[in-house]
Each structure stands twice: as structure tokens, then as C-alpha cells.
Amino acid sequence: MTSMHSPLSNSKHARLTARHARGGFVLLEVVLALGLFSLVAVGMTRALNQIAQTSKLGRMEARVLRVLESVLAETIHQPEIEPGAFNFDKRDDGVEARVEISKASLITQDQTELDRMLRVHAEAWIEDAGDRVMERTLETYVYAPNSPAF
């Protein structure tokens with residue numbers, strides 16, 4: 001005897017199969033959504049880390065430039081500037097600086113030498129474990145009529 005399915009049992013079987021198919025599809029959607037979310041989360045974490053590093057470097061550079069400008073101003077505003085190299089103590093913000101002053105020979109367009117000119121080269125840096133992680137330099141020329149170097 002062969003079993004015959006009634007139209008009612010066929011529709012019941014179709015509903016059960018459709019319900020299982022929908023359940024599998026929902027599971028697939030959840031897995032894909034979690035995978036997509038994790039990719040976005042990893043990307044956002046990397047982006048935030050890069051922003052933090054850029055911000056840190058910007059603050060470090062601002063500190064170094066502030067000290068560098070201060071050291072340069074302090075040096076060129078002395079009444080008598082003498083050639084030589086001078087180290088500045090490490091500041092509270094961790095920035096160290098050095099200034100080198102030397103005689104400069106500057107020639108104008110009409111081949112006239114400017115006298116009593118000094119070259120002032122300043123550098124400032126931040127060290128981390130003995131390595132300079134941020135370093136900047138500035139250089140200027142100063143007319144020094146009262147310098148004992150001349």
C-alpha cells in the first residue's frame with residue numbers, strides 16, 4: 001500500500017519547511033550582521049587610535065616649538081651676544097634645547113659684506129628612552145653691534 005499525502009498534509013509540510021528555511025535565513029542574517037559590525041568596529045578602533053597618535057604628536061610639536069621660540073628670543077635679546085654653544089636645562093614639560101652662535105659672513109647684492117652679523121641656530125627636542133622623538137630647529141641672523149666678538 002502506498003501512502004498518499006492529502007493536500008492538507010502537503011501544505012503543513014510546506015509551512016514547516018518554510019519556517020525552517022526562514023529560521024536558517026535569520027541565523028545567516030545575524031552571522032553576516034555580526035561580521036559586518038566587527039569589521040566596522042575594528043576600522044573605527046584603528047581610526048580612533050590614529051587620531052589619538054596624531055593629536056599626541058601635535059601637542060608634542062607645539063611644546064617643542066614654544067620652547068624653541070622662547071630660547072631663541074632669550075638668546076637674541078641679550079645686550080651682548082657672544083659666539084659659542086649653550087645648553088638650556090630640561091624644562092618641566094620635558095623639552096631640552098641648545099643654541100649655537102657663530103659669526104656670519106653675509107654679502108649683499110652689490111657685493112658689500114655686512115659686518116657684526118651673527119648666525120643663531122637653535123634646536124629643541126623631546127627624548128623618550130634616549131631617542132629624540134620630536135626635534136625642531138630654527139635659525140636666524142642678528143646684527144650685534146655690542147658683541148665682544150668683533
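What share of the contacts in the protein with a separation of 6 or more is accounted for by residues 24 or more positions apart? Such residues account for 51% of those contacts, a contact being heavy atoms within 4.5 Å.

The model is predicted, so local features need pLDDT of at least 70 and side-chain atom pairs count only at pLDDT 80 or more, while totals for chains, interfaces and linings use all residues. Residues are numbered from 1 along each chain as its sequence is written, and side-chain values use heavy atoms, with hydrogens and water left out.

**Whole chain.** Display the cartoon: the protein has one helix and six strands, in the order α-β-β-β-β-β-β from the N terminus. Helices (H or I, at least four residues) and strands (E, at least two) are DSSP runs, numbered from the N terminus. Next, show the surface; its accessible area comes to about 11200 Å², with 58% belonging to carbon and sulfur atoms (Shrake-Rupley method, 1.4 Å probe; for residues, only the protein chains shown count as cover). Of the 150 residues, 19% are buried (buried means under 20% relative accessible area, exposed over 50%, partly exposed in between; 1.4 Å probe, protein chains only).

**Helix α1.** Select residues 7–76 and centre on V30, which lies in this helix. V30 is partly exposed because its relative accessible area is 42%.

**Strands β1 and β2.** Select residues 84–88 and 95–103, the antiparallel strands β1 and β2, joined by five bridges (strands pair if DSSP finds at least two bridges between them). G84 has I101 in β2 as its bridge partner. Six residues separate the strands of this hairpin, and G94 in the turn has a positive phi of about 85°.

**Strand β5.** Strand β2 also pairs with β5 in the antiparallel sense, over nine bridges; K103 stands opposite L118 in β5. Select H121, within β5 (residues 117–128). H121 is buried because its relative accessible area is 17%. The residues that H121 touches, not counting those up to four places away in sequence, are R98, V99, E100, T137, L138 and E139. Finally, show the side chains of H121 and E139, which are joined by a polar contact of 3.2 Å (a pair of N or O atoms within 3.5 Å; within protein, one must be able to donate a hydrogen and the other to accept it, and residues adjacent in sequence count only if both atoms are side-chain atoms).
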